[in-house]
2 protein chains.
Amino acid sequence: MPKFEHLRHKQPTRLSKPRPLIVACAPMRSNVNLSRIVRTAACCGVTRIIACGKPKLDPKIARDGVAEITLEVRRSLPPVLAKLKSEGYAIVGLEQTTQAENLHTFRFEEQTVLVIGNERLGLEQAVLDTLDRVVEIPVYGMPFSYNVATATSMALYEYCRQFPGSPQ
Amino acid sequence: MPKFEHLRHKQPTRLSKPRPLIVACAPMRSNVNLSRIVRTAACCGVTRIIACGKPKLDPKIARDGVAEITLEVRRSLPPVLAKLKSEGYAIVGLEQTTQAENLHTFRFEEQTVLVIGNERLGLEQAVLDTLDRVVEIPVYGMPFSYNVATATSMALYEYCRQFPGSPQ
């Protein structure tokens, strides 16, 4: 019998309670990137995403993530981030900034809003001013920046690694 | 002065030697996914990618990763994986299989070939039979599978977390 055999439909890992993690996205240039973020976030057990502008999900990319996720559309992020902060969420930007901490050694609080910037412009100062902390991902080679959906995947992976749930 | 200010061109993290990490991809359905893998791998300091089939990189997606990476095209993976194993590389599949280990707690050997499966078909048995270990990423919600480029990003992030280089 071969040691490794492909499994097509593995059981998901169970969470004892819904993840208290929210993903909040600045207005994105690309609905492809937003759709990719939705799919990955849904796979990670996130159920609430905040988006700005005129988000339109591509169901071929977001897949069943569309059904799992509540997508809240806002005009801008600062008011909703202020409200979530008052509810006890840590507001964490994913960005390259002064004072940014390295994702490799960052300890997430479980109740977190992960704030994602625009592909070109990043997070505007009014949003940066609402953040408790900023996390960044080391780069080692050209083009010296991760795609926004890729960076979000890495941050979501790191959060899940710290709050892994219980294997079934 | 604001606490967090956007930095557009941050210094990359320096590696004291080239990463002894190779990414090997089964024939992919989508050159978009392959191009995304190339961009992310290049940002992670990977310089050697093996691809099968008729890979065609989209420079708008792969960006400067195209210039940084040596893309070797092979007819199939088993012969080159056998050769790399004989050179001392650990051959690690990224897949859902029997005996797969959880990426959250997986310890990479530094000299590793990370083997990526096709979007639909995964890795064929002839490739699975060449692997030393298989690593998988927990999923928590629908659609219960990460996009292949997303999963690769998470595995590359975890490898870099374990071999982080020296911040400049």
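Analyst: E110(B) is partly exposed, with 13 other C-beta atoms within 10 Å. This is a predicted model, in which local features need pLDDT of at least 70 and side-chain atom pairs count only at pLDDT 80 or more, while totals for chains, interfaces and linings use all residues. Residues are numbered from 1 along each chain as its sequence is written, and chains are lettered from A and ligands numbered from 1 in the order in which they are written.

User: Why is E110(B) called partly exposed?

Analyst: A residue is buried if 20 or more other C-beta atoms, placed from the backbone, lie within 10 Å of its own, exposed if 12 or fewer, and partly exposed in between. E110(B) has 13, so it is partly exposed.

User: Where does E110(B) lie, and what is it in contact with?

Analyst: E110(B) sits in the loop between β5 (101-102) and β6 (112-116) of chain B; strands are DSSP runs (E, at least two residues) and helices likewise (H or I, at least four), numbered from the N terminus. Apart from neighbours within four places in sequence, E110(B) is in contact with P20(B) and F163(B). Contact is defined by C-beta atoms, placed from the backbone, that lie within 7 Å of each other.

User: What makes S166(B) buried or exposed?

Analyst: S166(B) has 8 other C-beta atoms within 10 Å, so it is exposed. Its place is in the segment after α6 (148-162) of chain B. S166(B) touches R14(B) and S16(B), not counting residues up to four places away in sequence. From S166(B) to P12(B) the C-alpha distance is 9.9 Å, although the two are 154 residues apart in sequence.

User: How do you know how α1(B) is oriented to α6(B)?

Analyst: The axes of α1(B) (residues 31-43) and α6(B) come within 9 Å and cross at roughly 15°. Axes are lines fitted to C-alpha atoms, for helices over the stretch in contact, and angles run from 0 to 180 degrees between N-to-C directions. Angles under 35 degrees count as roughly parallel, over 145 as roughly antiparallel, 65 to 115 as roughly perpendicular and the rest as oblique. Therefore α1(B) is roughly parallel to α6(B).

User: Which classes of residue make up the contact of α1(B) with α6(B)?

Analyst: The contact has five nonpolar, four polar and one charged. Ala, Val, Leu, Ile, Met, Phe, Trp, Tyr, Cys and Pro count as nonpolar, Asp, Glu, Lys and Arg as charged, and the others, Gly among them, as polar.

User: What makes α6(A) oblique to α6(B)?

Analyst: α6(A) and α6(B) pack at an angle of about 60°, with their axes 9 Å apart. That angle makes α6(A) oblique to α6(B).

User: How do you know how the two copies are related?

Analyst: A rotation of 180° with 0.0 Å of shift along its axis superposes chain A on chain B, with RMSD 0.0 Å. Copies are superposed by least squares on the C-alpha atoms of residues with pLDDT of at least 70 in both. The two copies are therefore related as by a two-fold rotation axis. In chain A, the C-alpha nearest the axis is that of M154(A), 2.7 Å from it.

User: How many residues of chain A are in contact with chain B?

Analyst: 53 residues of chain A are in contact with 53 residues of chain B. α6(A) gives the most to the side of chain A that touches chain B, with six residues.

Definitions and conventions: Two residues are in contact if their C-beta atoms, placed from the backbone, lie within 7 Å.
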